[in-house]
Amino acid sequence: MGKIIQVGMADVKLTRAPDKLMTAGLGSCIGICIYDRSLKLAALAHIMLPSSVQAKNAQNRAKFADSAIEMVLEDLVKEGASRSRLQSKIAGGAQMFKFSGESEIMKIGERNAIAVVENLEKHRIPLLGKDTGGNYGRTITFDPDTGDLLVRTIGHGERVI
Amino acid sequence: MVQDFSELSGLQLDALREIGNIGAGNAATALAQMVQAKIDMTVPEVTILPFAEVPDLIGGADTHVTGIYFNVTGPAPTSILFILSIEKACLLIDMLLGRRPGETTAETLSELEMSAMMELGNILSATYLNALAMFTQLTFLPSVPALAIDMAGAVLDAILAQFGEIADHVLVLETQFVRDQEEVVGHFFLLPEPDSLNTILAALGVSF
């Protein structure tokens, strides 16, 4: 039995099978799983914001979609992964609160999802599964052995993508 | 200018705690009147936490909670979040609507129960902000309430994301409401934006 490694908000973790990667309570944040199936090696990033470019404080690269993906790719390659074999799955990007006059910040989930997809495309990482949007939270567990991403919710079912 | 929350002095932290005390004291009185029960509050705690640790204050990112959020504008923009476990929220709704304890459950929450919760949030935040306004002579304008019933991490992350562009930590002024000296009813969070903190501290006469 492998361990389950927890990934916190604005954090990145790497592991190999039989261990699994898990992050709890994704709302507007997005969990990005990037993995090399043949090595059974995977990384999970829990990002909060779409872009580090405009940010006044971008020291923590794991916080932003663009810099977190770059960081994950560097880390995976360092661990022996091949760039051409990498694949990805993502979940999260919900809009938890609804206001009548919706402010930009409250659409953060949608903006996060767009930025993640764009950055994966930019680095030519195929996106094999995506469970984003809605107005509910998600807890996700990634299994580097099978490449399965388990998405759990409260009141919106459970699924494997 | 507070660049980093860790630069706050003991005097400044005391001043913030005192605001929390008065604000939450008024809110606790309002809550007690609404539910006709004795509601006490804990001494407010000022904590400076990395984002990832905020959900731990309310039992972890996976905990099923009810959150009522207010975006407060004015010279010192702030976020207010009243958050409580789903079980406690149902008990509060029972009290508010004059039902038997246990009658409301997570499965039966409908528009009526949710608007009761939002109204409760309205009154709590208004009384809290009134005290804060009197103390600081600043104007605080709360938005309409927004309600989310879901995992604690999910309820918090969009709010924390607002601080993410400038900070890795958040200053949380937390008070717990306690009923009959044991049950923790809910947590009240005041999350000032870093610039607002300077404005509030200056208004209190304890700026740098």
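Chain A has a radius of gyration of 15 Å, which agrees with the value near 15 Å for a compact globule of 161 residues. The radius is taken over C-alpha atoms, and the globule rule is 2.2 Å times the number of residues to the power 0.38. This is a predicted model, in which local features need pLDDT of at least 70, side-chain atom pairs count only at pLDDT 80 or more, and totals for chains, interfaces and linings use all residues. Residues are numbered from 1 along each chain as its sequence is written, while chains are lettered from A and ligands numbered from 1 in the order in which they are written.

**Chain A overall**

Chain A holds two helices and ten strands. Helices (H or I, at least four residues) and strands (E, at least two) are DSSP runs, numbered from the N terminus. Their order from the N terminus is β-β-β-β-β-α-β-α-β-β-β-β. The C-alpha trace spans about 50 × 35 × 25 Å along the principal axes. Of the 161 residues, 51% are buried. Buried means 20 or more other C-beta atoms within 10 Å of the residue's own; exposed means 12 or fewer; partly exposed lies in between, with C-beta atoms placed from the backbone. Contacts need C-beta atoms, placed from the backbone, within 7 Å. Among contacts in chain A between residues at least 6 apart in sequence, 60% join residues at least 24 apart.

**Helix α2 of chain A and its surroundings**

Helix α2(A) covers residues 108-122. Its buried residues include I108(A), A113(A), V116(A) and L120(A). Cover for the buried residues comes from elements including β4, β5, α1, β6 and β7 of chain A, together with α4 of chain B.

Strand β7 of chain A contains L127(A). L127(A) counts as partly exposed because it has 15 C-beta neighbours inside 10 Å. Beyond its neighbours within four places in sequence, L127(A) contacts S88(A), I90(A), V117(A) and L120(A). L127(A) and I34(A) are 93 residues apart in sequence, yet 9.0 Å apart in space, C-alpha to C-alpha.

One loop of chain A has a cis peptide bond. The bond joins A17(A) and P18(A), with omega about 10°. P18(A) sits in the loop between β2 (11-16) and β3 (20-26) of chain A.

**Chain B overall**

Chain B has five helices and eight strands. They run α-β-β-β-β-α-α-β-β-α-β-β-α from the N terminus. The radius of gyration of chain B is 16 Å, close to the 17 Å that the globule rule gives for 208 residues, so chain B is as compact as a globular protein of that length. Its C-alpha atoms fill a box of roughly 50 × 30 × 30 Å along the principal axes. Buried residues make up 45% of the 208. Among contacts in chain B between residues at least 6 apart in sequence, 71% join residues at least 24 apart.

**Two helices compared with their expected spans**

The expected span is 1.5 Å times one less than the number of residues in the helix.

| Helix | Residues | Length | Span, first to last C-alpha | Expected span |
|---|---|---|---|---|
| α2(A) | 108-122 | 15 residues | 21 Å | 21 Å |
| α3(B) | 111-136 | 26 residues | 36 Å | 38 Å |

After α2(A) comes R124(A), with phi about 55°. After α3(B) comes Q137(B), with phi near 60°. Most residues other than glycine have a negative phi. R124(A) is exposed, with 9 other C-beta atoms within 10 Å. Q137(B) is also exposed, with 9 other C-beta atoms within 10 Å.

**Helix packing in chain B**

The axes of α1(B) (residues 10-35) and α3(B) come within 8 Å and cross at roughly 145°. Axes are lines fitted to C-alpha atoms, for helices over the stretch in contact, and angles run from 0 to 180 degrees between N-to-C directions. The contact has 14 nonpolar, four polar and no charged residues. Ala, Val, Leu, Ile, Met, Phe, Trp, Tyr, Cys and Pro count as nonpolar, Asp, Glu, Lys and Arg as charged, and the others, Gly among them, as polar. Buried residues of α3(B) include L120(B), L124(B), Y128(B) and L132(B).

**Where the chains meet**

27 residues of chain B are in contact with 32 residues of chain A. On the chain B side, β3 (64-73), β6 (146-151) and α4 each supply at least two residues. The largest share, ten residues, comes from α4(B). By class, this side has 17 nonpolar, five polar and five charged residues.

Methods:
Contact = placed C-beta atoms within 7 Å.
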